Amino acid sequence: MSEVHTNEANVDPKARANEKRSGMSSAMPGIFDGLAEQNLIRAKESIEKMKIASGAINDALREAYAANARGAADYAAKVIEFSGENTSSAFDFLTHLLGMTKPSDILQLSAAQGCKNFTATAAQSRELWELTRKVTAETADPIKRSFASALQKAA
């Protein structure tokens, strides 16, 4: 009897616990392996979808930035064009004014120039406003399309 008792005393209790766990774990790996594999597949699919979405967003931002840059250049060119027209108009007015001798002619020319300036400024403002609307739409369209596409894919 003492031999049996000595053998049991020499057995490590941790080893016995490990034996019990190993018996349980041999039945469980199949379940956990399947779950882990499914989660890994889902994670890879999600990462791939995020890569695609990120690329689409980058493309949309690049397109929007390019449209905005073109629009800003067009707007600046238009402002410079208007500045040249307005400067030319002012010099024409001054040239005509220098040739005037009667106060009534000066007043008439000044009134005509004021009316001409008002009409030109209104037309220029309308043109700049339309250009601004166009640039805004061209800048926003790629972003709106990308967002709408992302929403459709998510749904």
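Student: What makes the order of elements in the chain α-α-α-α from the N terminus on?

Tutor: The chain has four helices and zero strands, where helices (H or I, at least four residues) and strands (E, at least two) are DSSP runs, numbered from the N terminus, and so the order of elements reads α-α-α-α. This is a predicted model, in which local features need pLDDT of at least 70 and side-chain atom pairs count only at pLDDT 80 or more, while totals for chains, interfaces and linings use all residues. Residues are numbered from 1 along each chain as its sequence is written, and side-chain values use heavy atoms, with hydrogens and water left out.

Student: Why is Ser146 called buried?

Tutor: Buried means under 20% relative accessible area, exposed over 50%, and partly exposed in between (1.4 Å probe, protein chains only); Ser146 has a relative accessible area of 17%, so Ser146 counts as buried. Of the 155 residues of the chain, 11% count as buried.

Student: Where is Ser146, and which residues is Ser146 in contact with, leaving aside its neighbours within four places in sequence?

Tutor: Ser146 lies in helix α4, which covers residues 103-154. Contact means heavy atoms within 4.5 Å, and, with those neighbours left aside, Ser146 is in contact with Ala56, Ile57 and Ala60.

Student: What is the mean pLDDT of the chain?

Tutor: The mean pLDDT, the predictor's confidence in each residue from 0 to 100, is 82 for the chain, and 78% of its residues reach 70 or more. Over residues 19-25, however, the pLDDT is below 50, and this stretch has zero contacts in the model beyond near neighbours in sequence.
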